[in-house]
Structures are given as structure tokens and as C-alpha cells.
Amino acid sequence: MTYPEHLLPKIARVHCMDATDPPIIAVMGRIDEPRGSQTHQHDSGQLLGLLAGLLTVRTSFGTWVIPTTRAVWIPPNHPHAAFSHGPFYGWAVYVRPDQCGGLPDTPRAIEVTGLLREAVLRAAEWDLDQPDRRQTSVVNVVLDEISASDADTFLLPMPGDARLRRIATALVDNPADERTLDEWAAWANTAPRTVSRRFVEETGLTFTAWRQRARLLRAVELLAAGAPVNTVALDLGYDNASAFIALFRRTFNTTPGRYFAS
């Protein structure tokens with residue numbers, strides 16, 4: 001991925017932060033085309049968020065599709081990849097490894113409070129010097145907000161069993177695939193009962209609920225890219241747009257139109 005020129009000095013430091021760097025490095029920028037990163041990891045912790053647009057973040061724990069009201073925390077040395085959907089205005093906070101001890105040790109999506117957002121915007125204005133007294137207060141706000149945050153439960157958890165992960169990966173790539181549980185089990189060379197039982201044990205969701213969530217997350221991505229509701233519903237295997245809208249409302253407590261308007 002290429003970055004705007006003014007961010008390059010910070011980007012050069014964020015993947016190899018040490019004691020000579022400030023406790024956090026915040027960057028912010030607007031990109032007018034979709035961007036994505038390959039799976040990678042770094043010594044620093046990272047909090048990814050948006051001021052406008054939509055972002056998908058994938059980790060070995062699961063996948064999140066996040067609007068502007070959420071951010072994703074990635075602990076140090078945890079493999080992850082991120083993809084935007086259309087133009088976006090985003091931010092990231094990189095946390096020096098020695099500052100991550102009190103922060104969550106697994107990836108999670110968190111609510112972006114007004115306090116966290118304003119602290120990040122302020123930190124994004126700084127250079128790479130060590131923080132003064134007032135800046136240290138802002139740093140502490142950012143770290144406290146990450147530490148005290150509750151994990152967002154609406155993610156797409158990935159199973160650990162190799163056979164189930166093969167099925168899950170195929171469905172992430174094509175959520176509209178209509179194969180039954182029995183057909184997926186045969187494809188993965190395992191028993192349907194094993195797939196059914198292990199999906200619940202390893203993801204907390206039944207196979208049917210997991211596939212439904214995969215479809216909803218892909219629907220959010222497609223809607224963010226401007227696809228009509230009717231097209232999204234039919235392409236993802238729903239009988240009609242009304243059934244899709246009803247499920248979307250039950251899940252997100254709003255309609256697709258209002259979700260993106262907010």
C-alpha cells in the first residue's frame with residue numbers, strides 16, 4: 001500500500017517502535033480509492049478506525065466489518081489484514097510494545113467513544129517527539145479507552161479445526177454458496193454431525209447462524225460499495241429484499257438505508 005507523503009515519516013517508524021519513539025503514533029488520512037493490505041504483523045499494537053467509509057479487518061480470531069462507530073484493536077505480533085470499501089477517511093494508532101501490557105491480548109472490535117475519537121484526532125497532529133505533559137494526558141486517555149473497552153460481540157469467528165476452517169474460508173469467499181451442511185461435510189471429508197457439533201464448540205454459533213452472519217457481513221460490504229438492496233439480497237441467496245431487510249433490522253436494529261446514513 002502507498003501512503004500520502006506527509007504520513008511517510010510516521011509510517012517508517014510504526015512497525016519497529018522502540019524506547020526512542022513516543023508511546024503512541026497516530027496517523028490519519030483520506031484515500032479516494034479502495035485500499036487493502038496483505039496479512040501481516042508488527043511489534044506494535046494497532047487500533048484501526050474510520051471517520052468516513054467502511055473497513056473489513058480479518059484476523060485468525062475472526063472478521064469484523066466496521067463502520068465509523070467502531071474500531072478494531074490488534075495486539076502486537078498478531079497477523080491481520082484490512083480492506084476498505086470505496087473511498088474512506090481513516091485513522092490508526094500504533095502503540096509501542098512496552099505500553100501494551102495492560103491492553104487486551106486478543107483482537108477485538110470496540111466502540112469509538114467521543115472521548116477516544118477526539119484524543120486520536122489530537123494525537124494525529126503530533127510529530128515523533130516524546131510527548132510533553134499535556135500530550136501525555138492524551139496518550140493516557142487513548143490507552144485507557146482501549147483497556148476499558150468492551151469487546152463487540154458481532155464478529156465472524158473462525159473455527160480452529162482444519163476441516164471446518166476450510167469450509168469457513170470457502171464461505172467467506174462466497175457467502176452465497178447454497179450447499180447444505182451435508183454437502184459441505186462431504187466436500188471437507190468429514191461427517192455432518194462433526195461439522196454441526198464442532199462449529200458450535202469452536203465458534204459459539206451453529207453452522208446455519210455462522211453462514212447467516214457471513215452473508216450479513218458481506219451484505220454490509222456490498223451496500224457500502226453502492227449495490228442496491230434488491231441486488232444484494234438476491235445475490236446472497238435471500239428469497240426477497242423484504243426478508244433480507246427484516247434480518248438486517250433484527251441484527252443491527254436499523255434498516256440498511258439508515259445504517260449507512262448514520
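Strand E1 (24-31) and strand E7 (residues 88-95) run antiparallel and are joined by 8 bridges; strands and helices here are DSSP runs, of at least two residues (E) and at least four residues (H or I) respectively, numbered from the N terminus. The model is predicted: local features need pLDDT of at least 70 and side-chain atom pairs pLDDT 80 or more, while totals for chains, interfaces and linings use all residues. Residues are numbered from 1 along each chain, and side-chain values use heavy atoms, without hydrogens and water.

**Sheet**
- An open sheet is formed by 5 strands in the order E1-E7-E2-E5-E8, with antiparallel pairing (two strands pair if DSSP finds at least two bridges between them).
- E1 and strand E8 (108-111) are the edge strands, each pairing on one side only.
- Ala-26 stands opposite Val-93 in E7.

**Helices on the sheet**
- Helix H2 (residues 114-123) packs on the sheet and touches E1, strand E2 (45-52), E7 and E8 (contact means heavy atoms within 4.5 Å).
- Helix H3 (residues 133-148) also packs on the sheet, touching E1, E2, strand E5 (70-74), E7 and E8.

**Nonpolar cores**
- The largest nonpolar core has 35 residues, of which Trp-210, Phe-244 and Phe-248 touch the most other members (a core is a set of buried Ala, Val, Leu, Ile, Met, Phe, Trp, Tyr and Cys residues joined through side-chain atoms within 4.5 Å; buried means under 20% relative accessible area with a 1.4 Å probe, protein chains only).
- H7 gives the most to this core, with 8 residues.
- Apart from this core lies another of 23 residues, including Ile-24 and Trp-73.

Technical notes:
Buried means under 20% relative accessible area, exposed over 50%, partly exposed in between (1.4 Å probe, protein chains only). Axes are lines fitted to C-alpha atoms, for helices over the stretch in contact, and angles run from 0 to 180 degrees between N-to-C directions.
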